[in-house]
Amino acid sequence: MTTDFEWKEEYSVDVPLLDNQHKYMFEQGKKISHLQPEQTKKLVVDLYRYIMQHFTAEEAHMKEIEFPELEEHRRLHENIIDQLNQMTTGFEPSERNTLKLKLFIFNWLQTHILKHDKKYFEFVNR
Ligand SMILES: [Fe+2]
Ligand SMILES: [Fe+2]
């Protein structure tokens, strides 16, 4: 299983602030993938805080451009937060849990940005 934590041009939503936040999250994901399980928790907590800030910024942007699917998108964010909560509460730093977390973060970053974040980009560029 490979998790290639590289931000790619195809992920761009054409909003520099949001692209930079996405890039930073990929960087953090890359760091997590090189950490020993014991070091993971701190990074995950930091990433979690950052993700919350990112969602706030992203939702503000969608509101500004009057994106019609804001509510659905907001629910997707809430869902991610719920899943992250479940994964990080009482996180036991084992190889297996660290791998699970890495995969979750990677899948989320890749799928959410490419599939869902791209929609507000397409809306503006229609
Ligand atoms: Fe995003
Ligand atoms: Fe999003």
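Against which helices do the buried residues of H2 pack? I looked this up and found that they pack against H1, helix H3 (70-88) and H4.

Before going on I noted that this is a predicted model, in which local features need pLDDT of at least 70 and side-chain atom pairs count only at pLDDT 80 or more, while totals for chains, interfaces and linings use all residues. Residues are numbered from 1 along each chain as its sequence is written, and chains are lettered from A and ligands numbered from 1 in the order in which they are written.

Entry on H2. I took helices as DSSP runs (H or I, at least four residues), numbered from the N terminus. H2 has 28 residues and reaches 40 Å from its first C-alpha to its last, close to the 40 Å expected (1.5 Å times one less than its number of residues). I listed as buried in H2 Thr 40, Val 44, Leu 47, Ile 51, Glu 58 and Met 62, where buried asks for 20 or more other C-beta atoms within 10 Å of a residue's own, exposed for 12 or fewer, and partly exposed lies in between, with C-beta atoms placed from the backbone. After H2 comes Glu 66, with a positive phi near 55°.

Entry on Ala 57. This residue sits in helix H2 (residues 37-64), and I noted it as partly exposed because it has 14 C-beta neighbours inside 10 Å. Leaving aside neighbours within four places in sequence, Ala 57 is in contact with Leu 17, Leu 18 and Gln 21 (contact means C-beta atoms, placed from the backbone, within 7 Å). Leu 18 is 39 residues from Ala 57 in sequence, yet their C-alpha atoms are 7.5 Å apart in space.

Entry on H1 and H4. Helix H1 (residues 16-34) packs on helix H4 (residues 95-125) at an angle of about 160°, with the axes 10 Å apart; I read axes as lines fitted to C-alpha atoms over the stretch in contact, with angles from 0 to 180 degrees between N-to-C directions. H1 is therefore roughly antiparallel to H4 (over 145 degrees). Among the residues that meet, I noted His 22, Met 25 and Phe 26 in H1, and Lys 102, Ile 105 and Phe 106 in H4.

Entry on H3 and H4. The axes of H3 and H4 come within 11 Å and cross at roughly 175°, so H3 too is roughly antiparallel to H4. In this contact His 73, Leu 76, Ile 80, Gln 83 and Met 87 of H3 meet Leu 101, Phe 104, Trp 108, His 112 and His 116 of H4.

Notes. Helix = DSSP H or I, 4+ residues; strand = E, 2+ residues; numbered from the N terminus. Parallel < 35°, antiparallel > 145°, perpendicular 65-115°, else oblique. Contact = placed C-beta atoms within 7 Å.
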